[in-house]
Amino acid sequence: MISIAELENLKKEALELKESQKGKITLEGKNKIILTTSILDDKKTTVSSAIKNYNGIKENEIDDSYLDALVKYFNEKYEVHGMVNYFPLQEEVYKNLNNLYIGRYYCDEKFKEYLRKIQSDLFIHLKFGSYNYEKEVFIREGMSSFSFMGCSGISLELKKLYLNRGIDANTGFGGTITKGEFLEDYHFTDDTINYCSKYDLEPLRYKKLSRDMMWPRTLEITFKKYEQLEANLEAFAILGDFLQEAKEKFTSEDIYEVYSPMKVKK
């Protein structure tokens, strides 16, 4: 398990990279998993204390969040790709929260290019909770070529891993991207289209998807923020175990078979 001391050192390294890479860190990996996080930076801005202390903003502010350090740790230990965006803190609450939310990555053209470049199989976005909830970890499955409003099994597998280790976790699903923003650019597996035929996504194609038209399985993982960071370490460690498992599965199994039930028709 990673220690607080390791996180502190990695935080310093991440902030040094932030300065050299002009506010955005990109860490090259050796497999097809990518982790992202978004952090709010008030170093060059002046905002009210009400904004700084707003629920969901404070937890993800540059001095309070160590998720950039965690992404760097997973990049070094599990060879995943990592991306950290530091956004200037703004006076409008909704702009700050939108920058923390996974949805912004669906519309980021440079991020889409990076996904295609590495032929990503799994995209995970990390953040701290923006609301009060009882569970320690909230796993939300985002829209991908393998799921639409909760068809895929990947979020359920991660939840099971947390529950088996005594950590309360919950799952949810989100199809918040409209046709114009997503469905016209990316294809779905036939089983997903079948399952969601009432949405009239597109005709069945009975063949494997082109990598250029494939959005990888996607998770947004929200950690409950505790007063002391030590309370989050076990949750971080379990995610690391999942990354190792996913790395092995995507290496040894067909992309359509792993994390059932979504698969291409034979």
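So, strands S5 (residues 137-141) and S6 (residues 169-173) run parallel, joined by five bridges; strands here are DSSP E runs of at least two residues, helices H or I runs of at least four, numbered from the N terminus, and two strands pair if DSSP finds at least two bridges between them. Glu141 sits opposite Phe173 of S6. Before I go on: this is a predicted model, where local features need pLDDT of at least 70 and side-chain atom pairs pLDDT 80 or more, while totals for chains, interfaces and linings use all residues. Numbering starts from 1 along each chain as its sequence is written, and side-chain values use heavy atoms, leaving out hydrogens and water.

On its other pairing, S5 goes antiparallel with S7 (residues 217-223), again over five bridges, and there Val137 faces Phe223.

Now, is S5 buried or exposed? Five of its five residues are buried, meaning under 20% relative accessible area with a 1.4 Å probe, protein chains only. Val137, Ile139 and Glu141 point one way, Phe138 and Arg140 the other.

Over to helix H10, residues 233-252. With 20 residues at 1.5 Å a residue, H10 should span 28 Å, and its end C-alpha atoms are 29 Å apart, so that agrees; the expected span is 1.5 Å times one less than the number of residues. Buried residues in H10 include Leu233, Phe236, Leu243 and Phe250.

Conventions:
Buried < 20%, exposed > 50% of the residue type's maximum accessible area, 1.4 Å probe, protein only.
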